[in-house]
Amino acid sequence: MQYLPNILFVIALAAGVGFFVLNIKKLIRNIKLGRDEDRSDNKPQRLKNMAKIALGQYKMVRRPVSGIVHVLVYLGFVIINIEVLEIIIDGIFGTHRIFSFLGGFYDFLIAVFEIFALLVLVGVIIFWVRRNILHIQRFLNREMKGWPKLDANLILYFEVVLMVLFLTMNAADLTLQAKGAEHYANTSGIIGSFPVSQFIAPLFENLSISTLILIERTAWWIHILGILVFLNYLYYSKHLHILLAFPNTYFARLKPQGQFDNLEAVTNEVKLMMDPDADPYAMPEEGAEEEVPAKFGASEATDLSWVQLLNSYTCTECGRCTSECPANQTGKKLSPRRIMMATRDRIEDIGKNIDANKGSFKDDGKQLLDDYISREELWACTTCNACVEACPVGINPLSIIMDMRQYLVMEQSAAPTDLNNAMTNIENNAAPWPFNQMDRANWINEN
């Protein structure tokens, strides 16, 4: 029976990690449903961007209050979870504080973990107040109703519970060591330094050793099980960005923001038109296979590139893009954040469809265009790139908007009337206005 806790721990660990791996495989499968795009160029610059933006949180601190608090919570969560390695080893082998042989350095580590746990608690409270009491506009948009708001709060509650359990576990452990409890006491004195939990420990002084062990073990078990639950919750939450921010910033666009990508098929046609030696009526060479024209633009999530789908899964739903969007600020329906959320929802639905139909997609009568993202939203965009510049993890909502516009114009000829008129005038008059070419410069002589 003495090995039962170890066996139960191994089973829980295997189940938690196994389910996480299955979800990650599903995530990778969904992202790969997008069309191929080469992002293997300029690796030194990509590594620099990842280190600066994802690891260094460079763009987060542009808004100092939320940025600095986010950095503290982020660092705290990462650093505290280093102790998970010790918990796993202790759980498998039934040891107690296996890394205590590090001596003074171990004391320093535990002290750092506790200080960061306190900072995480303070940061989470600040975030909760900002989301639920201060009524900051970017947290109140229509796309943040229901599950997105609940999801954001759930993760905050998760972090509070995990930090409280961590400090409770340490406080009970400290008291057990001081009382000389078997398995906890050490001949060399107290193991670890507890600058925060030492203030909780007095609450446990009058409790019996058996009660203290129950409190310590309960906190220990719920803490590690909570971490495993949190790990698997990530896939269903916007907090997947904790993992995806790194590849997303690595594969982010390196071209200048104002430089749009040209369709290769259209570029080749224009080159053919501009080449005086080319014969537009020439038949293809004998034996040469004629390429089937690719679909112009995107009407479905699978028409987007894998990078754009990665973007959608990485979206933190922070709303910085929407708060910077001039169209949104002037009351238009467009919200760049909602574009990313809708894209993620659609590719998730496609993935569930594939799972339900044993690996193949069965037409569900829906598509990204119209069913998830409206045309009104697409045409409200001014293509100013403010959303791209504002995103703290290098997401590009504009690329999705432009691909879907491209589909509307080139596949459906469904551009707004004003835009159609402008393009017709450019074609006929070399200017967007309906002036005769001979009269184009008349405005120069007007007083």
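Predicted model: local features only at pLDDT ≥ 70, side-chain atom pairs only at ≥ 80, totals over all residues.
**Asn 232**

- Asn 232 is part of helix H7, which spans residues 209–233.
- Its relative accessible area is 9%; the cut-off for buried is under 20%, so Asn 232 counts as buried.

**The second largest pocket**

- The volume of the second largest pocket is about 900 Å³.
- It is lined by 37 residues, and those closest to its centre are His 70, Glu 159, His 239, His 241 and Ile 242.
- By type, the lining consists of 24 nonpolar, seven polar and six charged residues.
- Six helices, H2 (43–55), H3 (64–80), H5 (104–132), H6 (147–178), H7 (209–233) and H8 (241–250), each supply at least two residues of the lining.
- H3 gives the most, with six residues.
- The pocket lies between domain 1 (4–31 + 63–251) and domain 2 (264–277 + 294–435), because both domains give residues to its lining.

**Annotated transmembrane regions**

- An unreviewed UniProt entry carries the annotation "transmembrane region" for residues 6–24, 67–88, 108–129, 150–169 and 218–236.
- In the model, residues 6–24 are 100% helix and 0% strand, with 27 Å between the end C-alpha atoms.
- Residues 67–88 are 91% helix and 0% strand, and their end C-alpha atoms are 32 Å apart.

**Residues with positive phi**

- Most residues other than glycine have a negative phi.
- Arg 97 is not a glycine, yet it has a positive phi of about 50°.
- Arg 97 sits in the loop between helix H4 (83–93) and H5, and its relative accessibility of 5% makes it buried.
- His 135, also not a glycine, has a positive phi of about 55°.
- The loop between H5 and H6 holds His 135, which counts as exposed because its relative accessibility is 54% and the cut-off for exposed is over 50%.

**Gly 192**

- Gly 192 is located in the loop between H6 and H7.
- With a relative accessibility of 11%, Gly 192 counts as buried.
- Along the sequence, Gly 192 and Asn 170 are 22 residues apart, while in space their C-alpha atoms are 9.2 Å apart.

Definitions and conventions:
Residues numbered from 1 in each chain as written. Heavy atoms only, no water. 1 Å grid on protein atoms, 1.4 Å probe; cavity = no way out; pocket = protein on both sides within 12 Å on 5 of 7 lines; lining within 4 Å. Points joined across faces, edges and corners; volume = space filled by probe spheres on them. Helix = DSSP H or I, 4+ residues; strand = E, 2+ residues; numbered from the N terminus. Nonpolar A, V, L, I, M, F, W, Y, C, P; charged D, E, K, R; others polar. Domains from an automatic or database assignment. UniProt positions renumbered as here; feature names shortened; annotations may be inferred. Buried < 20%, exposed > 50% of the residue type's maximum accessible area, 1.4 Å probe, protein only.
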